[in-house]
Amino acid sequence: VSSRYIDGNISNLRIASTSGGELKLLSPWDAIGLKSTDGKVKSLTPDSMGIVKIHTVKGQELEFVKILK
């Protein structure tokens, strides 16, 4: 897990899956997206607790970004 914290804000978040399976992430933002290797961002919908769930595979690297409204 790594992230950038600039001027009091988290600017991006990277997670490497070491074993695969379901990742549950408490979103640091109201609107969150998953950035693919081609640069496209897929909007994710957190549940009522602010958690997003993503299926991962072993060795996968994920980059989460804040989506501006």
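## Sorting the pocket residues

In what follows, Ala, Val, Leu, Ile, Met, Phe, Trp, Tyr, Cys and Pro count as nonpolar, Asp, Glu, Lys and Arg as charged, and everything else, Gly among them, as polar. With that in hand, the lining of the largest pocket in this predicted model splits into four nonpolar, three polar and five charged residues.

## The largest pocket

This pocket has a volume of about 290 Å³. Which elements give two or more residues to its lining? They are β2 (9-16), β4 (32-35) and β7 (61-66).

## One salt bridge

How many salt bridges does the structure hold? There is one, and it pairs E63 with R14, whose closest N and O atoms sit 3.6 Å apart. The pair ties together distant parts of the chain, with E63 in strand β7 and R14 in strand β2, 49 residues apart.

Are the two partners buried or exposed? E63 has a relative accessible area of 15%, so it falls under the 20% cut-off and is buried. R14 comes out at 43%, and therefore counts as partly exposed.

## The loop between β2 and β3

Past β2, have a look at the loop that runs between β2 and β3 (21-26), where S17 lies. S17 is buried, because its relative accessibility is 11%. Its side chain makes a polar contact with the side chain of T56, at 3.0 Å. Leaving out neighbours within four places in sequence, S17 is in contact with T56, V57, K58, G59 and Q60.

G20 reaches 26% relative accessibility, so it counts as partly exposed. Again setting aside neighbours within four places in sequence, G20 is in contact with T56, V57 and K58.

How far is G20 from S36, C-alpha to C-alpha? The two are 17 Å apart in space and 16 residues apart in sequence.

Conventions: Residues numbered from 1 in each chain as written. Predicted model: local features only at pLDDT ≥ 70, side-chain atom pairs only at ≥ 80, totals over all residues. Heavy atoms only, no water. 1 Å grid on protein atoms, 1.4 Å probe; cavity = no way out; pocket = protein on both sides within 12 Å on 5 of 7 lines; lining within 4 Å. Points joined across faces, edges and corners; volume = space filled by probe spheres on them. Helix = DSSP H or I, 4+ residues; strand = E, 2+ residues; numbered from the N terminus. Salt bridge = Lys/Arg side-chain N within 4 Å of Asp/Glu carboxyl O. Buried < 20%, exposed > 50% of the residue type's maximum accessible area, 1.4 Å probe, protein only. Polar contact = N/O pair within 3.5 Å; in protein donor to acceptor, adjacent residues only side chain to side chain. Contact = heavy atoms within 4.5 Å.
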